[in-house]
Amino acid sequence: MKLIDNFLDKDLIIFLEQIFVFKTPHIYGHYSADEGDPFLKPGEKQNNFYMRDLNLADALIKFLILKLRNKFTFKKILRCYINVQFKGMDGHWHIDDGNKTIVIMITKTLKKGSGEFQIQEKGKIKKIDFVQNRAICFEANLGHRGMSPKELNTPRITLVFKTE
């Protein structure tokens, strides 16, 4: 796993926050684990949250991919989307498609223990605080989840890139 703080220029992360909070429609009903995921038990209920697929041909997304290529190693981007969670919308343990996943924390930094990113490494759960402009790259086959914010009316938005 590789973690980089202050990944993007300050003006760019503020711009992305405004676009993803106020200008990008979010679709409710997304969940973390798909059928067949080893962490999902048959009939187990998951919390729904908001998400939005983003267009890889969009100029802004292409620019962000360029920034990713300067810091992380991958062959191609499979897809890109944002996850939006509010209080009570904890993610479920799951694995991802692709080889590596890159997550950028977009919205304001949350209190310690609020909105954590959790990942299972070598039999232990590593908890990573939600810090605006933090990028995390990890192996897609590691169990992980995004916890919801503890604050009311406070979105936790991550920008996710699935890679090969």
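Which residues touch the most other members of the largest nonpolar core? Keep that in mind while you look at the model. It is a predicted one.

Here is the reply. The largest nonpolar core has 26 residues, and L68, F72, I104, L159 and F161 touch the most other members. Where do at least two residues of this core come from in each case? Two helices do this: α1, residues 10–23, and α2, residues 59–69. Four strands do it as well: β4 (77–85), β5 (100–105), β8 (135–139) and β10 (156–163). In general, nonpolar side chains in soluble globular proteins tend to be buried together.

Take L68 on its own. Leaving out residues up to four places away in sequence, L68 touches F7, F74, I77, I102, I104 and F161.

Strands β1 and β8 are antiparallel and share three bridges. Find K2 there: C137 in β8 stands opposite.

Next, the helices on the sheet.

How do the two helices meet? Two packed helices are described by the angle between their axes and the distance between the axes. For α1 and α2, the axes come within 13 Å and cross at roughly 140 degrees. So α1 and α2 are oblique to each other. Their crossing is left-handed. Which residues make the contact? From α1 come L12, F15 and L16, and from α2 come L60, F63 and L64.

Move on to β6 and β7. Strand β6 covers residues 117–121, and β7 covers residues 124–128. The two run antiparallel, joined by five bridges. They form a hairpin with two residues between them. In that turn, K122 has a positive phi of about 50 degrees.

Strand β6 has another partner. Three bridges join β6 to β9, residues 144–146, again antiparallel. Q118 shows both pairings. In β7, the bridge partner of Q118 is K127, and in β9, R145 stands opposite Q118.

Last, backbone angles. Most residues other than glycine have a negative phi, and most peptide bonds are trans. Two asparagines deserve a look here. N133 is not a glycine, yet has a positive phi of about 75 degrees. It lies in the loop between β7 and β8. N153 also has a positive phi, near 55 degrees. N153 lies in the loop between β9 and β10.

Are these residues buried or exposed? N133 has a relative accessible area of 5%, so N133 is buried. N153 has 74% relative accessibility, so N153 counts as exposed.

To finish, go back to L68. It is one of the residues that touch the most other members of the largest core, and F161 is among its contacts. Start there when you turn the model yourself.

Key
Residues are numbered from 1 along each chain as its sequence is written. This is a predicted model: local features need pLDDT of at least 70, side-chain atom pairs count only at pLDDT 80 or more; totals for chains, interfaces and linings use all residues. Side-chain values use heavy atoms; hydrogens and water are left out. A nonpolar core is a set of buried Ala, Val, Leu, Ile, Met, Phe, Trp, Tyr and Cys residues joined through side-chain atoms within 4.5 Å. Buried means under 20% relative accessible area, exposed over 50%, partly exposed in between (1.4 Å probe, protein chains only). Contact means heavy atoms within 4.5 Å. Two strands pair if DSSP finds at least two bridges between them. Axes are lines fitted to C-alpha atoms, for helices over the stretch in contact, and angles run from 0 to 180 degrees between N-to-C directions. Angles under 35 degrees count as roughly parallel, over 145 as roughly antiparallel, 65 to 115 as roughly perpendicular and the rest as oblique. A crossing is left-handed if the near helix is turned anticlockwise from the far one by less than a right angle, and right-handed if clockwise.
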